[in-house]
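The entries below follow the order in which I looked things up.

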Amino acid sequence: MNNILSKISHPKQLRALDTTQLTALAYEMREFILDTLSVKPGHLGASLGVVELTIALHYYYNTPEDLLIWDVGHQSYPHKILTGRQQLFDSLRQKNGISGFPSRTESEFDTFGTGHSSTSVSAIVGMATADKINQINRKHIAIIGDASITSGMSLEALNHLGSTDLDVLIILNDNNIGIDDSVGGLKKYFKSLENQTENIFTNFGLNFIGTIDGHNFEELFSAFDKANSIKGPKVLHIKTIKGKGYDLAEIDQVKWHAPGLFNKLTGEISQSKSSTTYQDIFGETLLDLLKNNSKIVAITPAMLTGSSLIKSRNQFPDRVIDVGIAEQHAVTFAAGLATQNTVPYCVIYSTFLQRAYDQVIHDIALQNLHVVFCIDRAGFVGTDGATHHGIFDISFLREVPNMIVSSPRNEKDFRNLLYTAQFTKQPFAIRYPKNEIPLSPDSTYEKIEIGKSEIIFEGNKLAILSTGLISSRIEKIIEQNNLQDKIALIDFPFIKPLDESRLKAISLKYDTILTFEDGIKKGGFGSGVLEFLNSIHYKGNTTINGYPDEFIEHASIKELEEMVGLDDLSILQMILNYL
Ligand SMILES: Cc1ncc(C[n+]2csc(CCOP(=O)(O)OP(=O)(O)O)c2C)c(N)n1
Ligand SMILES: CC(=O)[C@@H](O)[C@H](O)COP(=O)(O)O
Ligand SMILES: [Mg+2]
């Protein structure tokens, strides 16, 4: 029974409670989150860990007037529940439902949209500076985790903040873990922070409060009192337990970061996955490559489990390196490795590679260094939504000189691309989606020719050119509807370099060309095709199909494909319309 929680639709009602009721409210909150997330999957561990902190913040401060920013935002569920979204909570991360991350369009309490980590300190410093200019007097608070605070951007912002007199409170929520074990010296250092009055934060010019128990209301309120009494910027160090209040989540924090569907009573996590994914094939192939080429080094910026690197790391701990939440460093680290006779495979989610664009250009491409980018979660990622879809990488990599950009449509091509990439002497990107992979009968490796396309069908009415998984989907659609005689389907594993001789031949044979890709249309594969066709003065019709020029919210991948007209039925209808 949610006796207390169910009556709270705004923090004002929370503030009317007696402090003695807050522990019971925290209990109700955890039950509510567990009940919902067991059937509507999301980020569980981080949210369970900040229940008391969230209640205390909204109880003590005058939100939304006072400004709160949640770094990453995957721990913002208790915040959403207390700020008018309790009734909507079971729509979390579903189509047309509330987002899994704070979003300015969703609520006035979400003062800053997050999803990518380590932005909160910069953003709160910006807000406090604006308030100073506008002579607005209120509190500015950012909550950031022990892994996220180690990222370069956070440290840059703390360094800046220390040089100001801004009324900003940074709460370091230290649970001693990221998604996987957090990395590096600061993790150890934070353990020794307790009661150190002179420390890294004071050296930055910030006041320091702590260390306190972040699950204890009395300690939280007295720390907030202390923060209020201190003028200028300050850091409060709190210790919490990720997964707090649900034993299994406390014990296996990696598994329960985002467990998927589970049975709340037994703790059994559903094994929803029955088919083989790109991620499975990547994990297997990388392990083979590491075994067979001692020069290969795999790098991940804090996504060891998500990137299927656990097995490889266990077998090759010196050649599978987690650098922490540090995408920019990961890329330039790879560049350094590449200069010294090793072959770095930089394994990175498409959305997080965005943060390291300058490093891709300046440190790798400009020097034509042999770094292999294994770009996971390319295309729609589903319920994580707009902050996490990997839809820009084709466009932003295709324009970079020296870069090979590829996308495999099936297991055979994926294995062969990963295998071939170790031999090329230039940057090589292989992008692949969070999805099931069409399997191949054998798992041998073959060196493939860079830039070569493949004819799948050679029908005579119209030509479809596509890249990545969508090629296999179109192949199936054509087969199922017996359209092989009418349609030419050509797969381009290489988006760059484009197979121009094939394009020329196609342009001479077909009046209508359709292109398909799982990324934004603008500047993508289709644009590359169009640029070439234009250069040879092609007179036929060309239609580019991909994602529209807009940010696309959360829903299942299938629903998102329907929304942008790239589900199987829509593709079939489009083809039939053209015939
Ligand atoms: C730029 C960026 N890189 C990677 C991620 C993936 N990611 C999300 S949460 C997380 C770990 C965060 O750890 P911490 O800050 O300690 O928060 P906790 O989950 O422990 O509460 C990572 C690596 C991300 N969201 N953004
Ligand atoms: C919050 C965050 O950025 C990660 O937890 C992300 O949701 C991971 O995505 P995958 O579940 O696809 O690994
Ligand atoms: Mg943490």
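I began with N175, which, leaving aside its neighbours within four places in sequence, is in contact with G49, G145, D146, T240, I241 and K242; contact requires that the C-beta atoms of the two residues, placed from the backbone, lie within 7 Å. This is a predicted model, in which local features need pLDDT of at least 70 and side-chain atom pairs count only at pLDDT 80 or more, while totals for chains, interfaces and linings use all residues. Residues are numbered from 1 along each chain as its sequence is written, and chains are lettered from A and ligands numbered from 1 in the order in which they are written.

I placed N175 in the loop between β3 (168-174) and α8 (185-191); helices (H or I, at least four residues) and strands (E, at least two) are DSSP runs, numbered from the N terminus. N175 is buried because 23 other C-beta atoms lie within 10 Å. The term buried applies at 20 or more other C-beta atoms within 10 Å of a residue's own, exposed at 12 or fewer, and partly exposed in between, with C-beta atoms placed from the backbone.

I then turned to D146, in the loop between β2 and α7. D146 has 22 C-beta neighbours inside 10 Å and therefore counts as buried. Beyond four places in sequence, its contacts include L172, D174, N175 and K187.

I checked the record next: UniProt gives D146 and N175 as "binding site" in an unreviewed entry. The two are spread over 30 residues of sequence yet cluster in space, with a largest C-alpha distance of 6.8 Å. UniProt positions use the numbering adopted here, feature names are shortened, and annotations may be inferred rather than shown by experiment.

A further "binding site" annotation in the unreviewed UniProt entry lists H74, G115, H116, S117, A147, S148, N175, Y246 and E327. These positions span 254 residues in sequence and their farthest two C-alpha atoms are 31.8 Å apart, so they do not all gather at one spot.

From that list I looked up S117 and S148. S117 is found in the loop between α5 (77-85) and α6 (120-133), and S148 in the loop between β2 (140-145) and α7 (152-161). S117 is buried, with 25 C-beta neighbours inside 10 Å; S148 is buried, with 26. Not counting residues up to four places away in sequence, S117 touches D71, V72, S148, S151 and I325.
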